[in-house]
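What holds this fold together at the level of side chains? The report below takes charged pairs, nonpolar cores and aromatic rings in turn.

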Amino acid sequence: MEKQNKMNSSNNNNHDIKLEKLNTILIKPSKPTPLHLQTFKLSLLDQFSPNYHTNMTFFYPNHNNNNNTNNHFSDFSNKSKILQNSLSQTLSHFYPLAGRLHDATTIHCNDDGVFFIESRSTTTLSQILTNPNFDALECFVPTTEEKRNMLLLLRFTLFRCGSTAITTFVTHKIVELNTLIIFLNTWAAITTGNEIPLPDLTVAAALFPPREVPDVSGSVKNSNAKFTTRRFIFKASKIEELKIKIKNKFEFHPSRVEVVLALIWKCALSASIAVSGSKTTSFRRSILFQAIDIRSRMNPAVPETAVGNLAWPFWVTVEEESHVAIDEMVKRMRKGKMDFIENKAERFKGEGGFKVVMENLKERVEILKRNNENKGSLVVYNSSSWCNYPLLEFDFGWGKPVWCSSVNNNFAINFIVLMDTKNGGGIEAFVTLAEDEMKLFEQNQELLHYAVLNPTILISTSKL
């Protein structure tokens, strides 16, 4: 999906963020990668992961009372040098990220390095956090020219108020959310002189050895529809209210992720049906894919420090109109998750794992292929929960971030990301839909009873 197909993601804040690139520094590992480690084997799950980059930007407020612009820049330069030095040390532990993709099964760990980009903006952090505009946030994502063939790029940005942002732009080929967190935890710990468990680079390929596999990348077609992203906040009290509303219909306690995701899925499907303009039916079949971390779901559990794509999607469907109710959707999500954990995840590893993975992948591809052939009769949604991950805990010595964001520049429409709000218990949702469907979705009264559309992110320091 090209960027020109991405429409304005916020009606409330049209503030453009102008970035001036100051420097691009090539950072290499502080220690040369030994010869016997220079060929890094991808795991089978890495092989099936898409070869694109994902991004995340972390915003750090300036708590220094000095409002002098020159002092801001001097402080920024000192921080940048510290980050560059600790990044070099971190890359010695994550040496594949300083290499280059060699072929379908290996990375050449040649220590070619990663780009560290210094940028400056005349924007203040408070302007960015006032009803955040996802179109404006795209400026933090490195350009194709900056990216080249690198597996990892970092951007460090100074704002006019002295606040800063760190942007990660990293290949999905070996890095999913948990691996990114391992990397950032290690980088922050090295920066501040703290100890942290080092990454395990070998377990993924040992459990899921690479194989010669068919190319399935062309099996799913992206939509050419214009799409847009909106941000919704579900306060903890509203999530609890939603749980209470449906609590008598379960033999288990639904999680906050399950009830929020079910509500979003229901309201998005309602918008899709309305836009389709069907005069013969008020229902469309739908499927929801949910990514799940399999580290703790295997026996024995895989270490949390294991690097690689140790996540896999399971899916649930609504096949008839009676299924489109929050309690029914939650039940189907729980059943689908437990079926995946108990009957598939454990069977992924070892020699027989290849067959199980291929069968699971083939089933998923066939669903999507048939849907393309049937002109989208099945409404497909993809989702990822980042809840319970420490995304606002990365402290490089000047405090923790006040907010983080990710720009949807890889997935097309119908994508849902959930993460914790900073003041625990709540959920922040990034929802990407076709523009015409979003116009109805963001006005859905059931949704707006429980969620607030794109509120300002508050910071305690007035100078921001």
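The sections below describe side-chain interactions and where they sit.

## Basis

This is a predicted model: local features need pLDDT of at least 70, side-chain atom pairs count only at pLDDT 80 or more, and totals for chains, interfaces and linings use all residues. Residues are numbered from 1 along each chain as its sequence is written, and side-chain values use heavy atoms, with hydrogens and water left out.

## Salt bridges

The structure holds 15 salt bridges (a side-chain nitrogen of Lys or Arg within 4 Å of a carboxyl oxygen of Asp or Glu). One of them pairs Glu446 with Lys266, with the closest N and O atoms 3.1 Å apart. Glu446 lies in helix H13 (residues 445-450) and Lys266 in helix H9 (residues 256-276), so this bridge ties together parts that are 180 residues apart in sequence. Helices (H or I, at least four residues) and strands (E, at least two) are DSSP runs, numbered from the N terminus. Glu446 is partly exposed at 23% relative accessibility. Lys266 is partly exposed too, at 21%. Buried means under 20% relative accessible area, exposed over 50%, and partly exposed in between (1.4 Å probe, protein chains only).

Arg332 and Glu328 also form a salt bridge, at 3.5 Å from N to O. Both lie in helix H10 (residues 326-343), four residues apart, about one turn of the helix. Arg332 is partly exposed at 21%. Glu393 meets Lys400 at 2.6 Å, N to O. Glu393 has 42% relative accessibility and Lys400 has 41%; Glu393 counts as partly exposed, as does Lys400. Elsewhere, salt bridges with shared partners join Lys21, Glu146 and Arg155 into one network.

## Nonpolar cores

In soluble globular proteins, nonpolar side chains tend to be buried together. A nonpolar core here is a set of buried Ala, Val, Leu, Ile, Met, Phe, Trp, Tyr and Cys residues joined through side-chain atoms within 4.5 Å. The largest has 70 residues. Phe59, Leu87, Leu97, Leu137, Trp187, Phe396 and Trp403 touch the most other members. Helix H6 (residues 177-192) gives the most to this core, with eight residues.

Leaving aside neighbours within four places in sequence, Phe59 is in contact (heavy atoms within 4.5 Å) with residues including Leu125, Leu137, Phe140, Phe159, Pro401 and Trp403. A second, separate core of 64 residues includes Val203, Leu263, Met298 and Tyr450.

## Aromatic rings

The whole structure contains 20 aromatic pairs. Rings of Phe, Tyr and Trp (its six-membered ring) pair if their centres lie within 6.5 Å; planes under 30 degrees apart count as stacked, over 60 as edge-to-face and the rest as tilted. Tyr60 and Phe396 are edge-to-face, 6.3 Å centre to centre with 75° between the planes. Tyr60 is in strand S3 (residues 53-60) and Phe396 in the loop between strand S12 (379-385) and strand S13 (403-405), 336 residues apart. Both are buried.

Trp403 and Phe430 have ring centres 6.4 Å apart and planes at 85°, so this pair is edge-to-face. Trp403 belongs to strand S13 and Phe430 to strand S15 (residues 427-434), 27 residues apart. Trp403 and Phe430 are buried. One aromatic cluster includes Tyr60, Phe73, Phe183, Trp187, Phe396 and Trp398.

## Charges over rings

The charged end of Arg211 sits over the ring of Phe354, 4.0 Å from its centre. Arg364 lies over the face of Trp312, 4.9 Å from the ring centre. The criterion is NZ of Lys or CZ of Arg within 6 Å of the ring centre and within 35 degrees of the ring normal.
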